[in-house]
Amino acid sequence: MKDSPYGDACSRVPGGIHVAGEALVIRNVVVGRLRLAEDPAQQAADAALLREGLAGVAALRFPGLVAMSVGLDLALRDGGWSFAITNDWQDADAYRVYDADEEHNRLRREIFAKVCQDIARVQFQVDG
C-alpha cells in the first residue's frame, strides 16, 4: 500500500490497512452546495437543474464501475451540503475513464458549475 502523505496514522485507521490478496477499489466522493439565490423562482430552477444533473450522473455506466449512489441532502442536520455522489471503481484507470468522459464533463460544465457555489471531491482506496 502506498504511504500516506499525511503520516502513518492515516494508514492505521480501521479499514485502512490492506491485507495481501484483498481487492481494493477506488471510491470517488463528491459533495456540492447549491449557490445562494434570494429569488424563489431561481432557487426552484437551480434545484430542478441539480436533480437533472444527478440523474445524468446516475445514468452513466462504464467498464470497471462497481457501485454508484447519488442523492440530495435530507437536511437531518444543519450545515449539510446539498448533494452527494459516490462511486466505486475497480481501479484508478477505470476511474480516470469516467473522469475524462465527455458526457460526464458536460454535466459538470453545464449543470453543476452553473448551480453550485462549492464542490469538493476526494478519491481513496477501500477494501473491495
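Contact here means heavy atoms within 4.5 Å. The structure shown is a predicted model.

**View 1. The open sheet of four strands.** The 4 strands are arranged in the order β2-β3-β1-β4, with antiparallel pairing. Strands β2 (65-72) and β4 (116-127) form the edges, each pairing on one side only. From one strand to the next, the twist averages 10°.

**View 2. Strand pairings within the sheet.** Strand β1 (residues 24-34) is joined to β4 by 11 bridges in the antiparallel sense. In this pairing, L24 stands opposite D127 of β4. The antiparallel pairing of β1 with β3 extends over 7 bridges, and V29 faces T86 of β3. Strands β2 and β3 also run antiparallel and are joined by 7 bridges. L72 has F83 in β3 as its bridge partner.

View 3. Of the 7 residues of β3, 5 are buried, and the strand is mostly covered. N87 is found in this strand. Its relative accessible area is 1%, and N87 is therefore buried, the cut-off for that term being under 20%. Residues touched by N87, leaving aside those up to four places away in sequence, are I26, R27, N28, L65, A67, M68 and Y98. The side chain of N87 also makes a polar contact with the side chain of W89, at 2.7 Å.

**View 4. Helices α3 and α4 against the sheet.** Helix α3 (residues 92-100) packs on the sheet and touches β1, β2, β3 (83-89) and β4. The direction of α3 makes about 135° with that of β3. Helix α4 (residues 102-115) lies across β1, β3 and β4, and runs at about 115° to β4.

**View 5. The packing of α3 with α4.** Two packed helices are described by the angle between their axes and the distance between the axes. For α3 and α4, the angle is about 55° and the axes are 5 Å apart. On the α3 side the contact is made by Y98, D99 and A100, and on the α4 side by E102, H104, N105 and R108. Classified by type, the contact of α3 with α4 has 2 nonpolar, 2 polar and 3 charged residues. Y98, one of the α3 residues in this contact, is also among the residues touched by N87.

Methods
Residues numbered from 1 in each chain as written. Predicted model: local features only at pLDDT ≥ 70, side-chain atom pairs only at ≥ 80, totals over all residues. Heavy atoms only, no water. Pairing = 2+ DSSP bridges. Helix = DSSP H or I, 4+ residues; strand = E, 2+ residues; numbered from the N terminus. Axes fitted to C-alpha atoms, helices over the stretch in contact; angles between N-to-C directions. Buried < 20%, exposed > 50% of the residue type's maximum accessible area, 1.4 Å probe, protein only. Polar contact = N/O pair within 3.5 Å; in protein donor to acceptor, adjacent residues only side chain to side chain. Nonpolar A, V, L, I, M, F, W, Y, C, P; charged D, E, K, R; others polar.
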